[in-house]
Amino acid sequence: MKKIFSLSFFLSLVLIACDNEGVQNDLNSTGTVSVEAEVAIEETEAVLDDIALYSESAYGISTSKSSSTLTSKSDDKRGYSGFFRECSDIVIEITDTLIITTITFNGECEDNDGNVITGTITKVREIGDGIKTKTLTFTDLSVNGYLVNGTKQYTFTAENDNGNPEMTGTTNITVETEGGTYTKEGNRTVEITAGGDTYTCYDDEKTITGSFTYTNAEGSTFTMEITTNLVKPAACKYIALGVKTYTAPEGTITLDYGDGTCDNVATKTAADGTVTEIELRKKRKK
């Protein structure tokens, strides 16, 4: 009787192991859109957007060609947006042809939304009439535990056709997630649609548009387009409005951030019509 029980128990373990292996294979299968990973990467890039925006001269961080020191209307030399805190340092070097801004986040530096940033970013702009493009370079920058490498090129307009501050450009980055390293390439525009008439970052509502191609660790690709503008209200840590549409070999997937209510969930509709909730602002598990 004991032999029969032992054999049955052993077979059960084998079946469970096989089932778990099947689940793992499903999670790592090629050609599958990982909406959870894309959401984490989107939230990571939103932090990169803030670093780019609030390091502009429009927010009190500027340079003088006659001096290699940082100038600002703020007493602490970190601008007057309030984004850069005491745990961050900004150093500017001016050559005959370039303005090089080095931004260092020391230790686990938190922004006003609670994002934890560690590492160094280099921002470069050529000196010349009509040259407005800046290049941000990330080397092992950590945002909430997600490791970022690559570049972001953009132009900043203090007042667009709507009278609002706007940043538009291209992204080419890799982000290390729990599901492996993803490459993200595409175009992105961030407009401050409310609060742009003040210098502080705390009252800024941001509207985001763009489209991207993602490549996962296995080399499979999918595209993501913001089909309804994403909106992050000033008083909310999350994107509260907007829709993303993902296109992959298995079909079309959508992610709906809701009706503007500030909460930490978005609704995912899979290609087969299955509806699930995605939790926002999840820090990477170590």
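Mentor: Here is a short tour, going from the overall picture down to single residues. Keep in mind that this is a predicted model.

Trainee: How many helices and strands are there in the protein chain?

Mentor: Start by counting the elements: the chain has two helices and 15 strands. Then look at how much of it is covered. Of its 286 residues, 41% count as buried. The accessible surface comes to about 14,500 Å², and carbon and sulfur atoms account for 51% of that.

Trainee: And what about contacts between residues at least 6 apart in sequence?

Mentor: Among those contacts, 44% join residues at least 24 apart.

Trainee: Let's turn to the strands. How should I think about side chains along a strand?

Mentor: In a regular strand, side chains alternate between the two faces of the sheet. Now follow β8, which covers residues 166–177. On one side, strand β7 (residues 146–157) runs antiparallel to β8, with eleven bridges joining the two. One place to look is Asn 149, whose bridge partner in β8 is Thr 174.

Trainee: Which strand pairs with β8 over twelve bridges?

Mentor: That's β9, residues 180–194, and this pairing is antiparallel too. Together β8 and β9 make a hairpin, with two residues between them. To find that spot, look for Thr 177, which stands opposite Gly 180 in β9.

Trainee: Now a single residue. Is Glu 38 buried or exposed?

Mentor: For this you need a cut-off: a residue counts as buried under 20% relative accessible area. Glu 38 has a relative accessible area of 1%, so Glu 38 is buried. You'll find Glu 38 in helix α2, which spans residues 35–54.

Trainee: What do the side chains around Glu 38 do? Which residues does Glu 38 touch, leaving out those up to four places away in sequence?

Mentor: Glu 38 touches Tyr 214, Phe 222, Met 224, Lys 244 and Tyr 246. Two of these also make side-chain polar contacts with Glu 38: Tyr 214 at 2.8 Å, and Lys 244 at 3.0 Å.

Trainee: Last topic: backbone angles. What should I expect of phi?

Mentor: Most residues other than glycine have a negative phi. Asp 140 has a phi near 50 degrees, and Asn 144 has a phi near 55 degrees.

Trainee: Where do Asp 140 and Asn 144 lie?

Mentor: Asp 140 is in strand β6, residues 134–143. Asn 144 sits in the loop between β6 and β7.

Trainee: And how covered are they?

Mentor: Asp 140 is at 46% relative accessibility, so Asp 140 counts as partly exposed. Asn 144 has a relative accessible area of 12%, so Asn 144 is buried.

Methods: Residues are numbered from 1 along each chain as its sequence is written. This is a predicted model: local features need pLDDT of at least 70, side-chain atom pairs count only at pLDDT 80 or more; totals for chains, interfaces and linings use all residues. Side-chain values use heavy atoms; hydrogens and water are left out. Two strands pair if DSSP finds at least two bridges between them. Helices (H or I, at least four residues) and strands (E, at least two) are DSSP runs, numbered from the N terminus. Buried means under 20% relative accessible area, exposed over 50%, partly exposed in between (1.4 Å probe, protein chains only). A polar contact is a pair of N or O atoms within 3.5 Å; within protein, one must be able to donate a hydrogen and the other to accept it, and residues adjacent in sequence count only if both atoms are side-chain atoms. Contact means heavy atoms within 4.5 Å. Accessible areas come from the Shrake-Rupley method with a 1.4 Å probe; for residues, only the protein chains shown count as cover.
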